[in-house]
Amino acid sequence: MAHQAHAMLYSVDPSPSPLTGAVAALLMTSGLAISMHFHTTTLMSLGLVLLLLTMYQSSRDIIREGTFQGHHTPPVQKGLRYGMILFITSEVFFFLGFFSAFYHSSLAPTPELGGCSPPTGITTLNPFEVPLLNTAVLLASGVTVTSAHHSIMEGQRKQAIQSLTLTILLGFYFTALQAMEYYEAPFTIADGVYGSTFFVATGFHGLHVIIGSTFFAICLLRQAQYHFTSDHHFGFEAAASYSHSCLMSYDSSFTSLFTDEAS
Amino acid sequence: MAAFGRFSQMLLRSSLTQTRRQLSAAAGHGGDSAKTWKILSFVVALPGVAVCMLNTFLKEQEHSHDAPPEFVPYTHLRIRTKRFPWGDGNKTLFHNSHVNALPDGYEGHD
């Protein structure tokens, strides 16, 4: 039994990506700290370059081993699914930390803030203007990505490309709207704990939308090059799951961070 | 959170037949789901975005004549414990002089 299981499973060849990725993370974080004390961005930029190289190489490698070498058998795919589920779960907890920070400070506001939430002097954003539009954009992208998924499953190549393109465009639109909101907001990151929690939470969320759009862009290139079949397209499903979780995180932000009064 | 659990279950068990079975319940026709979702995209999702765009545009027009809020030098806002590592060290990354006051007040009384 054990022999059969090993014969079916694929062991990856040694790859430098875990090391380069870890080193990139180290250089970026320590580089960020260095940039704040010594006014030099060299270390952080080096880390960023290494991160981009790692992203490029590791995704190229996994596409080679799956699509071109045929190593992604059903048990291997299952492992990849487990991996993605675990990763997304960890991201959910990452965001829960920031929501917890917001609620910690807003549910029992200190006297220094005026004893109220939002703090005295903060002009909040109207949730029914741009935030509502942003929610609609992300929800629409959820519909278009589902449309793309079904098109892939039914072997409809052109429809899949169209829906996937539309999904990416909606992601870009969200990012553009959010950047505009950041510029037009009457409060800044330096405006006490309200500003800090707001911009850190929405900032990380925006970064995740950009990551999701990038992931989908790769999927679009792959779909155009016939990598996906109607029953094997895990890369696409991984991108869709990641983006769906991003969307849910924004919906939670919408109901908590953007409202005029803490619940 | 329940939705998340359900979603990750679906992702795990997702083989073609199972997905079709699960989705035929939602779509009504097993092989027609792509068409259904395409219709949803163009009839519900994108018009929904268009409506929200119109709403935002109209609301922005209403507010465009409002003056920025009066400046009160609260100590819990506009915190400058340390200079920012760019420019003159006093402006945030997305500083907008029309709506963001500096610790001493609005610049140039815009």
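In which helix of chain A is K158(A) found? The residue belongs to helix α6 of chain A. Please bear in mind that we are looking at a predicted model.

Let me stay with K158(A) for a moment. Its relative accessibility is 60%, and because the cut-off for exposed is over 50%, K158(A) counts as exposed. S90(A) lies 68 residues away from K158(A) along the chain, and the C-alpha atoms of the two are separated by 35 Å.

I turn next to confidence. The average pLDDT of chain A is 92, with 95% of the residues scoring at least 70. Among the elements of this chain, α6(A) has the highest mean pLDDT, 97, whereas helix α1, residues 2-8, has the lowest, 50. Over residues 1-5 of chain A, pLDDT stays under 50, and the model has 0 contacts beyond four places in sequence for that stretch.

Consider V137(A) in detail. Leaving aside residues up to four places away in sequence, V137(A) touches L170(A), Y173(A), F174(A) and L177(A), together with V49(B). As general background, nonpolar side chains in soluble globular proteins tend to be buried together.

Definitions and conventions: Residues numbered from 1 in each chain as written. Chains lettered and ligands numbered in written order. Predicted model: local features only at pLDDT ≥ 70, side-chain atom pairs only at ≥ 80, totals over all residues. Heavy atoms only, no water. Contact = heavy atoms within 4.5 Å. pLDDT = per-residue confidence, 0-100. Helix = DSSP H or I, 4+ residues; strand = E, 2+ residues; numbered from the N terminus. Buried < 20%, exposed > 50% of the residue type's maximum accessible area, 1.4 Å probe, protein only.
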